Amino acid sequence: MDHDDVLALFDRRLRRDARPDSGSTRIERDGAVLRQVGTAHDWNGVLWSDLDEAGADEVIAAQVRYFAGLGLEFEWKTYGHDRPADLGERLLAAGFIPEDEQSVMVADIRDLPTEVVLPEGVRLVPVTDAAGVDLMAEAAEQAFGKPNPAQRQRLLDQLAQGSETVTMTVAMAGDRPVSAARMELVPGTEFAGLWGGGTAPDWRGRGIYRALVAHRARLAAELGYRYLQVDASDQSRPILQRLGFARLSTTTPYVKGVS
């Protein structure tokens, strides 16, 4: 996998030519910025920008005014190779709050293991209704230590819209959800994105995360996708590297609350 070629493809397909991620969102181009806008329950933010040092602060201020006018919190999703090099510092100065930096990991699906190996007593269950979303939310709260009602609502909205581009899976140990993950397909591109995968602390280190990756890799391969992409935490990055993922860049979300 050629790093520069895949990074350029990633930027073009998933950022500059991004499509709405749900039926209630829209993509807007505003000069050197591409943003997604939806309801308060949707992901709202800047997906791509191509700024220079001279005009960056003015563009940032314009986006802040725009989302404030809509009464929406939004995220500026930055990448380590974005311009200008001090974009993050400029966002901080404009009142944004940074979240944890993650690694953008990509793998050619043909190079990934697709055999699902689970620890004894654990099974993977597809999520197809609101009860399944509740199990996913419970697993995520165990994994990350806090509830995420906005994410739960987005998943419920996707189910209600009958989206065929999202698959959701929960790992069950008996009646207890211990991990959950989803895959978001990007039609018309070579990419499928892996999200979630956090595992309850007492079940970590037993291969559940790897099994969820393999499960989704097999589904994506069957649907004809070429690459899997993950925004990986420091915890999941080593596992992904061992599976065959390479680090393309870094990404850091900067969040601006409603003023």
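Two ground rules. The model is predicted, so local features need pLDDT of at least 70 and side-chain atom pairs count only at pLDDT 80 or more, while totals for chains, interfaces and linings use all residues. Residues are numbered from 1 along each chain as its sequence is written, and side-chain values use heavy atoms, with hydrogens and water left out.

Start with strand S4, residues 74-79. Helices (H or I, at least four residues) and strands (E, at least two) are DSSP runs, numbered from the N terminus. How many residues of S4 are buried? It is 6 of the 6, so S4 is largely enclosed by the rest of the structure. Buried means under 20% relative accessible area, exposed means over 50%, and partly exposed is in between (1.4 Å probe, protein chains only). Both faces are covered. Phe-74, Trp-76 and Thr-78 sit on one side, and Glu-75, Lys-77 and Tyr-79 on the other.

Now the partners of S4. Two strands pair if DSSP finds at least two bridges between them. Strand S3, residues 45-49, runs parallel to S4 and is joined to it by 2 bridges. There, Gly-45 stands opposite Glu-75. The chain gets from S3 to S4 through helix H2, residues 56-70, in a right-handed β-α-β crossover. Right-handed means that, with the strands pointing away from the viewer, the path from the first strand over the helix to the second runs clockwise. Strand S12, residues 246-256, pairs with S4 in the antiparallel sense over 6 bridges. Tyr-79 has Thr-251 as its bridge partner in S12.

Zoom in on Thr-78. Thr-78 is buried, at 8% relative accessibility. Its side chain reaches the backbone oxygen of Thr-252 at 2.8 Å. Setting aside neighbours within four places in sequence, its contacts (heavy atoms within 4.5 Å) include Leu-87, Leu-91 and Tyr-254.

Next, the cores. A nonpolar core is a set of buried Ala, Val, Leu, Ile, Met, Phe, Trp, Tyr and Cys residues joined through side-chain atoms within 4.5 Å. The largest has 20 residues, and Leu-228, Val-230, Leu-240 and Phe-245 touch the most other members. Strands S6, S9, S10 and S11 are among the elements that each supply at least two residues. Helix H6 gives the most, with 4 residues. Another core lies apart, with 15 residues, among them Val-33, Phe-67, Trp-76 and Leu-87.

Last, charges. A salt bridge is a side-chain nitrogen of Lys or Arg within 4 Å of a carboxyl oxygen of Asp or Glu. The count comes to 16.

Glu-190 meets Arg-13 at 3.1 Å, N to O. Glu-190 is in the loop between S9 and S10 and Arg-13 is in helix H1, so the pair ties together parts 177 residues apart in sequence.

Arg-15 pairs with Asp-82, also by a salt bridge, with the closest N and O atoms 3.1 Å apart. That links helix H1 to the loop between S4 and helix H3, 67 residues apart. Arg-15 is buried, at 2%. Asp-82 is buried too, at 10%.

Asp-108 and Arg-226 meet at 2.7 Å, N to O. Asp-108 is buried, at 8%, whereas Arg-226 is partly exposed, at 33%. Finally, salt bridges that share partners join Arg-26, Glu-28, Asp-30 and Arg-35 into one network.

Conventions. Polar contact = N/O pair within 3.5 Å; in protein donor to acceptor, adjacent residues only side chain to side chain.
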